[in-house]
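Biologist: I am new to this structure and would like to go through it with you. Could you put it on the screen?
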Amino acid sequence: DHLRMTDYRSIPPLDAHAVLKRFQLRADKSLGQNFLQDSSALEKIARAAEIQGDDCVLEIGPGLGSLTRYLAASAQKVTAVELDPDLLAPLRAVLSPYQNVNVIHGDILKLNISEIIEQPDYLVAANIPYNITSAIIRHLLESTPKPRRVVLTIQKEVAERICAAPGDLSLLALSVQVYGRPSIAAKIPAGAFHP
């Protein structure tokens, strides 16, 4: 039951700008859309998730599928929940080579996770919109079944607050630390995102 050292180098880079342009789309600021496209950052997230071959991974806000491809390369199944209907066509086009990805159009905050994830010991990996970070974390921690591990790309300040020492805990930090041990796996520079 060891971690497969997946070779992510075979995954081609994704040019978010070019994909958006091909589908005549723009990043939607109101949805907090920032597309992570840097290969080394994507690989860091996938490695931090410690995906094993029989794992089921829930991805929230797959966007254009840049991270989804890395998760699909390691996991048995990826369930990707995308809110923006405009992104479904480009997302499905990018993910067409991956047979183990199920794209669901919906709002993760309104979905009952037990209805979309059939495996209780699942993982979450996501580059989430910063404006709903707390709501997503709360939803995941209060859901049944609970994820075994959650790897989220969030703002540095929020991550630092979540990982704060006792005595300096915000409500979010406290709720996260009741369920598990938070840690910062990596820092991703702004240039890794489009826009």
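Biologist: How many residues does the largest nonpolar core have, and which have the most contacts inside it?
Modeller: In this predicted model, the largest nonpolar core has 26 residues. Those with the most contacts inside it are Leu-36, Ile-51, Val-57, Tyr-70, Leu-71 and Val-78.
Biologist: Which elements give two or more residues to this core?
Modeller: They are the helices α2 (39-48), α3 (66-74) and α4 (88-94), together with the strands β4 and β5.
Biologist: What does Val-57 touch?
Modeller: Leaving aside residues up to four places away in sequence, Val-57 touches Ile-51, Leu-71, Ala-75, Lys-77, Val-78, Thr-79, Leu-123 and Ala-125.
Biologist: What lies apart from that core?
Modeller: Another core, of 15 residues, lies apart from it; Cys-56, Leu-58, Val-124 and Leu-140 are among its members.
Biologist: Turning to the sheet, in what order do the strands come?
Modeller: The order is β4-β3-β2-β5-β6, five strands in an open sheet with parallel pairing.
Biologist: Why is one side of β4 and of β6 left without a neighbour in the sheet?
Modeller: Because β4 (101-105) and β6 (149-153) stand at the edges, and each has a single partner strand.
Biologist: What joins β2 to β5?
Modeller: Two bridges join β2 (residues 56-60) to β5 (residues 123-127), and these strands run parallel. Leu-58 stands opposite Val-124 in β5.
Biologist: Which strands does helix α6 touch?
Modeller: Helix α6 (residues 133-142) packs on the sheet and touches β2, β5 and β6. The direction of α6 makes about 155° with that of β2.

Note on methods: Residues are numbered from 1 along each chain as its sequence is written. This is a predicted model: local features need pLDDT of at least 70, side-chain atom pairs count only at pLDDT 80 or more; totals for chains, interfaces and linings use all residues. Side-chain values use heavy atoms; hydrogens and water are left out. Two strands pair if DSSP finds at least two bridges between them. Helices (H or I, at least four residues) and strands (E, at least two) are DSSP runs, numbered from the N terminus. Contact means heavy atoms within 4.5 Å. Axes are lines fitted to C-alpha atoms, for helices over the stretch in contact, and angles run from 0 to 180 degrees between N-to-C directions. A nonpolar core is a set of buried Ala, Val, Leu, Ile, Met, Phe, Trp, Tyr and Cys residues joined through side-chain atoms within 4.5 Å. Buried means under 20% relative accessible area, exposed over 50%, partly exposed in between (1.4 Å probe, protein chains only).
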